[in-house]
Amino acid sequence: MKVFYKINEFDIAGPNAITLGCFDGVHIGHRAIIDRLIEHREKTGAAAGLITFDPLPDLALNRDTACRLIKTTEEKIEILEDIGLDWALVIPFTRDFMRVTAEEFVRDILAG
């Protein structure tokens, strides 16, 4: 699995099937989503990729209700590598990133 830690280094050509989320514990619900993504890859040949955040948005925003980490980013990446994804993008969740609109995210990151 190829792992990107900077948006400007993210460069995946060709068709891709992507899931997006925190995947904090890569629990059974997360696994079900990822398994469907991998099944889609097997049927279509599209690369199976995942976009996640570090730190988790709640932690980055210093909310009183911020959750505790279930897995560190490093632990999460190890699990994802074992599952068989083709790539993962770990987006640094900063206050600047928080200001990115949905349109900008799709245009500049997903389609860019």
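In the predicted model, the largest nonpolar core comprises 14 residues, and those with the most contacts inside this core are Ile34, Ile38, Leu50, Leu80, Ile83 and Leu85. Two or more residues are contributed to this core by each of helix H1 (28–44), strand S3, helix H3 and strand S4. With neighbours within four places in sequence left aside, Leu50 is in contact with Thr19, Phe23, Ile34, Leu80, Leu85, Trp87, Ala88 and Leu89. Apart from the core that includes Leu50 lies another core, of 13 residues, among them Phe4, Phe10, Ile51 and Phe53.

The strands of the model, 4 in number, form an open sheet in the order S1-S4-S3-S2, with parallel pairing. The edge positions are taken by strand S1 (2–4) and strand S2 (16–20), each of which pairs on one side only. On average, and with direction ignored, neighbouring strands of this sheet are turned by 20 degrees against each other. Helix H3 (residues 73–83) packs on the sheet, where this helix touches S1, S3 and S4, and the direction of H3 makes about 170 degrees with that of S3.

Within the sheet, strand S3 (residues 47–54) and strand S4 (residues 87–92) pair in the parallel sense over 6 bridges, and Gly49 stands opposite Trp87 in S4. Trp87 is also one of the residues in contact with Leu50, so that the pairing of S3 with S4 may be read alongside the core to which S3 and S4, together with H1 and H3, each give two or more residues.

Definitions and conventions
Residues are numbered from 1 along each chain as its sequence is written. This is a predicted model: local features need pLDDT of at least 70, side-chain atom pairs count only at pLDDT 80 or more; totals for chains, interfaces and linings use all residues. Side-chain values use heavy atoms; hydrogens and water are left out. Two strands pair if DSSP finds at least two bridges between them. Axes are lines fitted to C-alpha atoms, for helices over the stretch in contact, and angles run from 0 to 180 degrees between N-to-C directions. Contact means heavy atoms within 4.5 Å. A nonpolar core is a set of buried Ala, Val, Leu, Ile, Met, Phe, Trp, Tyr and Cys residues joined through side-chain atoms within 4.5 Å. Buried means under 20% relative accessible area, exposed over 50%, partly exposed in between (1.4 Å probe, protein chains only).
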